[in-house]
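Hi,

Here's the structure I promised to pass along.

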Amino acid sequence: MNRTTLSLIAVATALAAVTGFAALNTPDGSAPGTARTAARLPVERTTLLCPAPSTSDLAETSYTSFTPVTKGTDGDGEARLQSARDDEATGAPGSGTGDTAEDGEAGEQDDATADDKAGDEAGDKRDGKDDGEAGGGEEKADQPALQPKEPGTPVTGDSSGADAPALIGTAEGKFAPGWTVQETTEVAAGTGRGLQGVNCTAPDTEFWFPGAGTAAARSDYVHLTNPDDSAAVVDIELYGKDGPVKSAVGEGITVAPRSTEPVLLSTLADAPQDDVTVHVSVRSGRVGAAVQALDEKLGGDWLTASADPADSLVLPGIPKDATSVRLVAFTPSDADADLKVRLASPSGLITPAGHETVHVRGGMTTAVDLGEVTRGEAGSLVLTPTGQPVPVVAALRVVRGKGADQETAFIPATGPVGTRATVAGNSAKGATLSLTASTGTARVKVTASAGSGGGTPVSKTYTVKQGTTQDVVPPVPSGLKGTYALTVEHLSGGPVHAARTLSVTEDGVAAFTVQTLPDDRGTVAVPQADEDLSVLQK
């Protein structure tokens, strides 16, 4: 019998630092003989993907890149952003080898020539393009220079017009833990006018977007961005009020290496629908995904993915002056879900009159108008099962203003702050931080970073009572110049859910955008042992 000795602790530590995940088990699944504790170590690499901000010539986009200071990082590293190449400029994928069989299958599919013409036509249909509108062979406009010098200080950049590209970003070393990039766009007029904001997202293999639409007044696109050197193959499914929306166009979409692919959702639907749930699943590779939801009359914003399906959800940060709140929910289960609807207000959990519960049929999208549910007070929606727990996803479409002066934003269900969460792109005025403690009183520390042009960080501690939502004007760095980041750290008590609202007034319209603050996953738990363990192999 040959014996190969391997230090599992070293392997687990390295794996966790790079990927954010590691597990350690003995060969037979039993508990190891040495005592173990879980230590948290900083991740060493983070990838973020920013969608192309707008197709409007009137768009003005600002970017803010920020990494909070994290103990235990070394002195090296960098954070950088590069433009994703347009799909027309990329051509066939390169010959690099993938890590999985699926990667190879994606390359074979992309290299195939028999269906090239049909694939091109399907792609033009999904993009909402005529042949004459296809992108040329040149790379899009240069991206803003966003390379921070040190953690703790944000850097900013700007772009204008319709040619700003999608961005692919990588942070390594001391810049990786908690790295965040905020993309905020102001569009003065036209479909989707107003303020559109999005936190650039990490690549993944599955996303749920309840709250999108394919109605005549909507122009909703799902943006798919591939950060890797091999093609990704993606399926997009839509679910309406009666169940799955029939379409073959959303199957097997190839996203070329290091490129972006916008897909017009109405081209995937056989009939217009006000509310649909979008399911993005990746057959091979990985992508970043976000829905840009644009309305002719109500403006628009980015709809980011809901938290993974769960039986209890929190949707934080409904503005107190919201004039219309619409809940869109979906369960991928075959079973129906019955949910209790409550609003976490400043004084506690209350049940909206006439909307005590919502029934979500399996595989079908359910939408409920909650009206002016906040009634002038801060609020967050809390959904819990009334009976048998069934996993659901959910999002809110929130409208401020009335008549011709209305503006829309979206709030997806989100995970708790966890250890730490960060959001960038804040100015001296116009930011509101919402903190919700749905199941137990909690304490958090909120830190305002140094400004991008100068300023001294400031921290403040808040206590959030059980069942309540606090809307606070966040602390501002002393001597602030430029924009700054907010970092929320959980100190004690129950879980806290958070959201940040940015507001500006344009021609009398209260334009706004809301970003949730889930855990930044800047550290990962790694098992520790008193001595090295070994695996015996025959």
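Two cavities of 30 Å³ or more turn up here, and bear in mind that this is a predicted model.

The largest cavity holds about 60 Å³ of space. Its lining is made of Leu49, Cys50, Pro51, Val198, Asn199, Cys200, Thr201, His223, Thr225, Gly288, Ala289 and Ala290. By type, that's seven nonpolar residues, five polar and no charged. Four strands put in at least two residues each: β2 (45–50), β9 (194–199), β11 (221–226) and β17 (288–295). β17 has the largest share, with three residues.

The second largest cavity comes to about 50 Å³. Around it sit Arg218, Ala293, Leu294, Asp295, Leu298, Gly299, Gly300, Arg397, Thr408 and Phe410. Two or more lining residues come from each of β17, β18 (299–303) and β27 (405–412), and β17 again gives the most, with three residues.

Now for the packing. The largest nonpolar core has 29 residues, and the members touching the most others in it are Leu315, Ile318, Leu327, Leu381, Leu383 and Leu396. Leaving aside residues up to four places away in sequence, Leu383 touches Asp311, Ser312, Leu313, Leu315, Leu327, Leu339, Lys340, Val341 and Ala394. Another core, of 28 residues, lies apart from that one, and includes Ala212, Val249, Val255 and Val287.

Cheers

Methods. Residues are numbered from 1 along each chain as its sequence is written. This is a predicted model: local features need pLDDT of at least 70, side-chain atom pairs count only at pLDDT 80 or more; totals for chains, interfaces and linings use all residues. Side-chain values use heavy atoms; hydrogens and water are left out. A nonpolar core is a set of buried Ala, Val, Leu, Ile, Met, Phe, Trp, Tyr and Cys residues joined through side-chain atoms within 4.5 Å. Buried means under 20% relative accessible area, exposed over 50%, partly exposed in between (1.4 Å probe, protein chains only). Contact means heavy atoms within 4.5 Å. On a 1 Å grid over the protein atoms alone, a cavity is a set of points where a 1.4 Å probe fits but cannot get out, and a pocket is an open set with protein on both sides within 12 Å along at least five of seven lines; lining residues have an atom within 4 Å of a point. Grid points are joined across faces, edges and corners, and a volume is the space filled by probe spheres set on the points. Ala, Val, Leu, Ile, Met, Phe, Trp, Tyr, Cys and Pro count as nonpolar, Asp, Glu, Lys and Arg as charged, and the others, Gly among them, as polar.
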